[in-house]
Amino acid sequence: MRAASLLGLTLLLAIGEGVEAQGTSTFQASRQAQTEEELRAEVSFGAGTIRVSPLESSHLYRLLVRFDEGVVEPEHSYSDGLLRVGARTIASRRILRRTDGETSVELGLGQTVPTHLKLELGAVQGRLDLGGIPLRSLDLSTGASDTELRVAVPNPIEMSSARIQVGAAAFLASNLGHLRAAEIRVEAGVGDVRLDMGGLLRDDTRVHVSMGLGNVEIRVPRGVGVRLDRSTFLTAVNAPDLVRRGSEYVSPEWDDADRLLRIRLDAAIGNVSITRYDP
Amino acid sequence: MPDFGTRGRVPLLVLFLLAAFGFGLANPAAAQERPLVSSEVTVSGTELALSLEFVRGDPLRVVLRDGRVLIDGDEAGRYTRGGALEGAWRSLLGELVSLDEPGIVTRLAGWRAPTGLDEPASTSAARIEARLADALRDAAAPDAPIRVIEGGTGLQEAFESLVLQPERLRSLTAAMASLRGEEIAVRIGEPFTVPEGETRPGSLLALDADLHIEGEVEGSVAAIGGTVLLGEGARIGGDLLWAFATIEGNRDAVAGAITEISPVPARPESELREELRREIQAAVETATSAVSTVRPERRATPSALRSIGRGFVRVLQTVLTFLVLLGIGLALLYFFPRHFEVMARTARHSTGSSALVGLAGAFLAFPAWLFGVVALAVTIVGIPIMVLWIPLFPLAVAAAATVGLILVARNLGRWFADRDPEGFAPEERQRPAVQLGIGLAVLVGAFAVAGVLQMGGAWLGMFRGLFVAIGILATAVAGLIGFGAVLLSRGGRDARYAGSGWVFREGEGDPGGVEP
């Protein structure tokens, strides 16, 4: 046990040396919204912390990266509505140099231009406040990261689908209903996933959860009709409010509810629970 | 005195017309408020860079790097590293990071390089200041404002005449091009007078409007349609441009030239079509090249999901390997408990000898196989045996190495159980199956950790590599020792190297048997 703890500690020190400290160099980029009809924002970020939030100003976007020079190189390009953002680790120097701090990325997105947002996050602590950003699509993949997704304010426009891929990670999402997505696909590898479906604005929303190994909790406000169609292997499904109807499970208000949530669940090993709460 | 107010339809019409001609009637107020389109600031130990892109004017890029000042990509001077200029520029950029565009413009406009700089920093600083001033001046210069004087009753007719007579539209385009950059007052469809004694700033554009000028117009006058009557005391500071109009009166009043406007030549339809075709072709080519350049880049970037997938597969492979080895080990324990025990003890008590024998065996395996093939080939009787020898000998070696690995894993597990770990009841940890499981988990654990790290992506590659190396080393060493023990104990039939005074008893819980 002791040996394992020591090993773990060494690893932690090696990976996240000086976790509290932030990078010593700064990169800032911002752009005013001009005549763009839409923005495609692609974020690829390996390790550190990331925060995405809406901007109140007339900006199209605003980016602030704090990084260690020689260890990490911020990446930023914008052309014809395509924004690419990232922070690349300069691997060759990584072993030789001590890191002075953690890379942090703060990306603000404007609220005037419809946006396709794609995030590829690795070993990242992420906080994504997407409320108010006009999102046409969302494609989020996280590796070994702790990510929290909040949609406090409804998406001003509707989106056809949102895709969330969670690797070996903890993922917490609140008010996913505010995304106004017709379909939300969540693919979880190994990890804990908690999805709060609060703020549903569409009459009919489909959620497709596929999970390898781990725990998934789906929280649905009372009053929303829920139907569960599951295909599971060694998975305990805990959904006390749902009753069996044919091959599926439905909530008592399914036939009368204004808002419907269809959950399709494919799970291998783990626990899945569907809980209700008063909105 | 005419009324300079605006009436609903008039600005709309003018907007329509001017937009149609590509003048892009910019709102000067907005332009002044947000002359910056984008900003990019880098503050690091080796580079201090500022890039600005303006609504109008050329972009600006000033970089201080390695003692050199680069302005718009060209070297503009040098500076002392750690000196006053670098300090001041660093502090300025540090402030800009937290400002938005209007704030950046204001801050830059107020920035001055430190005084008392030595050469060459002093020259560099002056160049930076000059470039900043240029960029901000260009950016802040508003478009020439266009004011619309109230249109008269003839507005509708004027509009119709423009639409129905394309020549007039093209003349208007040419007139606007000539007057661009000046403040322009536009008069549409109703007579307009500049009374004697009045001085009008800027220029005047009359569209189907009779102009009567007795006073002074500081800029130029353009008239499309209608009549321009110049009084004795009239004065036009610029040119008088006209088309489809009549000029009467005092022509000397015009300080510049009186010129008939040459309408912008009409472009033949075929030319327009050709241009459209070229534009579409260029757009398609751009899109195609974007696709072909973007894709390989995407392939080159390992996505988080791919890493997770590969990592997951690696973990799964490790788990499967573990299960297979455990199965083989349990089968050996069940069917050949004595042989297993003898081999395991040989590995334990004669570790050094086992390792040496294993090493020698590994090196000699291939020559032995080859020798066997040759030896069997030269004898007639041997040929059918050779057919079996060729595949079976390597299989036997691999099986011996696998069994060896399992033996060492059992020994490892037993060593671990003897450490009195928490979470295992004493009777449980003495079970050979449990010991075997623990030992195998330790041996292949490094590969599992490497798999989990792989899920984290490329940035954990170093640690992943480390664990893979540890795993390979551990299994290789264990395999060699075990292989040696198998050979040394002749497959568990010879207990000479298994420790002295030890007797195996069938059915004993502890495969260690009795050690008197």
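Helix 11 of chain B and helix 12 of chain B touch: Ala365(B), Ala368(B), Trp369(B), Gly372(B), Val373(B), Leu376(B) and Ala377(B) in helix 11 meet Gly382(B), Ile383(B), Ile385(B), Met386(B), Trp389(B), Ile390(B), Phe393(B), Pro394(B) and Val397(B) in helix 12. Contact here means heavy atoms within 4.5 Å; helices (H or I, at least four residues) and strands (E, at least two) are DSSP runs, numbered from the N terminus.

This is a predicted model, where local features need pLDDT of at least 70, side-chain atom pairs count only at pLDDT 80 or more, and totals for chains, interfaces and linings use all residues. Residues are numbered from 1 along each chain as its sequence is written, chains are lettered from A and ligands numbered from 1 in the order written, and side-chain values use heavy atoms, leaving out hydrogens and water.

**Helix 12 of chain B and its partners**

- The axes of helix 11 (residues 351–378) and helix 12 (residues 382–418) of chain B come within 8 Å and cross at roughly 170°; axes are lines fitted to C-alpha atoms, for helices over the stretch in contact, with angles from 0 to 180 degrees between N-to-C directions.
- So helix 11 of chain B is roughly antiparallel to helix 12 of chain B (under 35 degrees is roughly parallel, over 145 roughly antiparallel, 65 to 115 roughly perpendicular and the rest oblique).
- Sorted by class, that contact has 14 nonpolar, two polar and no charged residues (Ala, Val, Leu, Ile, Met, Phe, Trp, Tyr, Cys and Pro are nonpolar, Asp, Glu, Lys and Arg charged, and the others, Gly among them, polar).
- Next up is helix 15 (residues 461–488) of chain B: its axis and that of helix 12 of chain B come within 7 Å and cross at roughly 105°.
- That angle makes helix 12 of chain B roughly perpendicular to helix 15 of chain B.
- Residues making this contact include Val397(B), Ala400(B) and Gly404(B) from helix 12 of chain B, plus Thr475(B), Ala478(B) and Phe483(B) from helix 15 of chain B.
- Helix 10 (residues 337–349) of chain B packs against helix 12 of chain B at about 70°, with the axes 9 Å apart, which means helix 10 of chain B is roughly perpendicular to helix 12 of chain B.
- Among the residues that meet there are Phe340(B), Glu341(B) and Arg345(B) in helix 10 of chain B, and Leu407(B), Arg410(B) and Arg414(B) in helix 12 of chain B.
- Charge does turn up in this one: the contact of helix 10 with helix 12 of chain B has seven nonpolar, one polar and five charged residues.

**Where the chains meet**

- Chain A puts 39 residues into the contact and chain B puts in 34 residues.
- Together the two chains bury about 3,000 Å², with 57% of it on carbon and sulfur atoms (buried area is the accessible area, 1.4 Å probe, that two parts lose on being put together, summed over both).
- On the chain A side, Gln28(A), Gln32(A) and Glu69(A) lose the most area to chain B, together 16% of what that side buries.
- One salt bridge is found across the interface of chain A and chain B (a side-chain nitrogen of Lys or Arg within 4 Å of a carboxyl oxygen of Asp or Glu).
- In a salt bridge, the side chain of Glu53(B) meets that of Arg31(A) at 2.8 Å, N to O.

**Other details to look up**

- Over all chains, the structure holds 36 salt bridges.
- Glu75(A) and Arg88(A) form a salt bridge through their side chains (3.1 Å, N to O).
- That pair links distant parts of the chain, with Glu75(A) in strand 4 (residues 72–79) and Arg88(A) in strand 5 (residues 82–89) of chain A, 13 residues apart.
- Glu119(B) and Pro120(B) are joined by a cis peptide bond, with omega about 5°.
- You'll find Pro120(B) in the loop between helix 4 (101–109) and helix 5 (121–140) of chain B.
- Asn175(A) has a phi near 55°, a positive value in a residue other than glycine.
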